Amino acid sequence: MTMIQCISPIDGSVYAEREAMPYEAASQAVARARKAQKSWAKRPLEERVQLVLKGVTRLNEMAADVVPELAWQMGRPVKYGGEFRGFNERSNYVASIAADAMKPMVIEESDRFERRIVREPHGVVFVIAPWNYPYMTAINTIAPALMAGNVVIIKHASQTLLVGERMVRAFTEAGMPEDVFQNLFLDHETSARLIAAKSFDFVNFTGSVEGGRSIERAAAGTFTGLGLELGGKDPGYVMEDADLDAAVDTLMDGATYNSGQCCCGIERIYVHESLYDDFVEKSVAWVSNYKLGNPLDPETTLGPMANKRFAAVVRAQVADAISKGARATIDPKLFPADDGGAYLAPQILVDVDHSMEFMTEETFGPAVGIMKVKTDAEALALMNDCKYGLTASLWTQDPERAAAIGAEIETGTVFMNRADYLDPALCWTGVKETGRGGSLSIFGFHNLTRPKSYHLKKVTA
Ligand code: NAP
């Protein structure tokens, strides 16, 4: 019997453990899901939408349990109240566009022909979710997938072991029919075996590039549709006409909120030379205000990283950059809770360059590098000198300039004067090693369904 454990970053204790499901039992669960899908898809769209929204409401009612449970599992301070705002915003938005997104495209409706394209659900959708925003990343796929008439099986991250179980409990209590939405505790090997056996009609994986590669390998030759939402190294670029205080506020928040564990967190910042010194000084002051500590303490604003092995990656990248000439601007003594393990002081490095892994590999922690630039061309070359491509955040008063630079940037999203936000009306997507596919927006529905064409000739003469 293999156990899957969640080791709490709060104190290193085993917070939760569950038995990994054997392959045969998992296959049976998939078979039950496939059976349930037929009648689920036959229900009217509006009924499916309302049932999903009821599940969302039920989860909100569990907030008093969900928030400390999250803190124990992945270290986010209770002060922030979980992730209900984004969770609800995304669910409500996809509900509001479901009818439009699923509407048949009528090409011709005459007395001779009916020609149209309709959207059919894939069938059984497998969601593999990460721990960093365990509810929000999961709902991006779960809500539209269910609304579109798919059934969903979720396998959540070991670090947030209880999240899938809790979501399914909320949805079931809200009236979701049996087997339409199931949580399975699966190890990697069983997940891969299921995918390779063509158990699923679509797999949405959100996580690391390495994890994405394993999923692609498991699916090879099965023709299973894949959505891969992978890592990032998102840049900010502060131009000489930027609102400096707003840029510092948003970019520092984007770099450090959730202990920097955001897929679209800001990991490197390029600042025009005319604003550089002020930007660094204000950023250091901004970050120094954090209170690092136990996430269950309502005063804590920066929790531990989700696991001490994630903090070890950040510490190693920072040490490597310093050994190559970078300078740390934050005195770790300001953060006495830094224990050399999961509790990690935030850091801003200057005198950095792209010879350092810190500026090119995903850090996924509360540490950011700032570089001085002279021109848009220089900033653009640096922003694109990256194997990832999720978002870029441009700071200027000039939307035309932002659009022109944006057209050259190799990312899925371009922001102007904001960062680190998923707009549910827009497609969440990446390029390069950030993966492929797209969630949210009308494209999210389209990726979770397939087109089916009807060409009906009414006359034979
Ligand atoms: P991860 O280690 O790849 O894990 C993500 C999920 O995939 C977990 O449920 C994990 O299960 C599972 N998994 C990993 N390898 C697997 C395999 N070979 N077979 C089956 N399942 C596998 O990533 P993470 O550390 O949780 O998440 C952080 C990463 O996710 C960062 O790189 C971040 O940028 C990325 N991310 C991207 C987005 C986006 O929208 N692009 C959003 C959020 C996060 P276990 O936990 O059991 O190993």
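The structure is a predicted model in which local features need pLDDT of at least 70 and side-chain atom pairs count only at pLDDT 80 or more, while totals for chains, interfaces and linings use all residues. Residues are numbered from 1 along each chain as its sequence is written, and side-chain values use heavy atoms, with hydrogens and water left out.

**Domains and their interface**

Domain 1 gives 24 residues to the contact and domain 2 gives 28 residues, where contact means heavy atoms within 4.5 Å.

About 2200 Å² is buried between domain 1 and domain 2, and carbon and sulfur atoms give 58% of this area. Buried area is the accessible area (1.4 Å probe) that two parts lose on being put together, summed over both. Y80, W131 and T434 supply 24% of the area that domain 1 buries against domain 2, more than any other three residues.

Across this interface the rule finds zero salt bridges (a side-chain nitrogen of Lys or Arg within 4 Å of a carboxyl oxygen of Asp or Glu). It finds ten residue pairs in polar contact, both residues at pLDDT 80 or more. A polar contact is a pair of N or O atoms within 3.5 Å; within protein, one must be able to donate a hydrogen and the other to accept it, and residues adjacent in sequence count only if both atoms are side-chain atoms.

**Ligand surroundings**

The ligand is surrounded by 28 residues, the closest being A129, S158, H188, S208 and E362; a residue counts as near if one of its heavy atoms lies within 4 Å. The table gives distances from polar side-chain atoms to an oxygen atom of the ligand.

| Residue | Distance to a ligand oxygen atom |
|---|---|
| K155 | 3.0 Å |
| S158 | 2.6 Å |
| H188 | 2.7 Å |

**Salt bridges**

The whole structure has 27 salt bridges. One is between E61 and R58, with the closest N and O atoms 2.8 Å apart. E61 and R58 are separated by about one helical turn because they are three residues apart in helix 2 (residues 45-61). Helices (H or I, at least four residues) are DSSP runs, numbered from the N terminus.

Key: Helix = DSSP H or I, 4+ residues; strand = E, 2+ residues; numbered from the N terminus.
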